[in-house]
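Please keep the sequence and the structure in view while reading.

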Amino acid sequence: MPADTELCEYLEDEAVGTLGTDLFAGELPAGKSEGMVLTLYPGAPPELTCGSNGWTLEISALQFRAQYAAEGTALTKAKLAAAAFTKVKNQTIETVYYRSVTVKQSPGLLYRDANNRPSVGFNLECEKVPS
């Protein structure tokens with residue numbers, strides 16, 4: 001399972017949102033104008049250990065985005081997600097070991113869509129075993 005899906009499951013466990021309702025991996029579904037999205041994009045090179053037969057850790061880059069009509073709601077949701085991610089250290093999420101999740105910046109306004117809905121978000125990086 002990719003990191004965006006696993007970490008969305010984690011956010012649901014942390015009561016940030018509900019998968020398929022207001023929390024999605026990849027992108028907002030067609031017809032949805034509000035919600036939270038965790039999107040995976042290319043990250044740093046994988047970690048290799050001498051003598052191993054391949055990657056020991058993949059380092060994934062992700063972007064969290066909350067889009068709501070009210071900027072305050074979007075910012076609150078993004079701050080809740082950031083706080084949840086900072087707790088991940090040496091633990092298993094959805095049967096996959098995560099060494100860490102690092103929030104790379106404070107949540108802030110990314111852009112406004114054509115209907116002036118704000119998208120608030122931040123980037124993060126996770127170190128995990130390949131899955």
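Helix H2, residues 71-85, has 15 residues and reaches 21 Å from its first C-alpha to its last, close to the 21 Å expected at 1.5 Å a residue, the expected span being 1.5 Å times one less than the number of residues. Helices (H or I, at least four residues) and strands (E, at least two) are DSSP runs, numbered from the N terminus. In H2, Ala 74, Ala 78, Ala 81, Ala 82, Ala 84 and Phe 85 are buried, that is, under 20% relative accessible area with a 1.4 Å probe and protein chains only. Seen down the axis of H2, these buried residues fall within an arc of 160°, so they line one face of the helix; the arc is that of the directions from the helix axis to the C-beta atoms.

The model is predicted, with local features needing pLDDT of at least 70 and side-chain atom pairs pLDDT 80 or more, while totals for chains, interfaces and linings use all residues. Residues are numbered from 1 along each chain as its sequence is written, and side-chain values use heavy atoms, without hydrogens and water.

| Residue | Relative accessible area |
|---|---|
| Asp 22 | 18% |
| Lys 128 | 0% |

Asp 22 lies in the loop between helix H1 (3-13) and strand E1 (23-25), and a polar atom of its side chain is 2.6 Å from the backbone nitrogen of Thr 18. Lys 128 belongs to strand E8, residues 118-128.

Terms used
Buried < 20%, exposed > 50% of the residue type's maximum accessible area, 1.4 Å probe, protein only. Polar contact = N/O pair within 3.5 Å; in protein donor to acceptor, adjacent residues only side chain to side chain.
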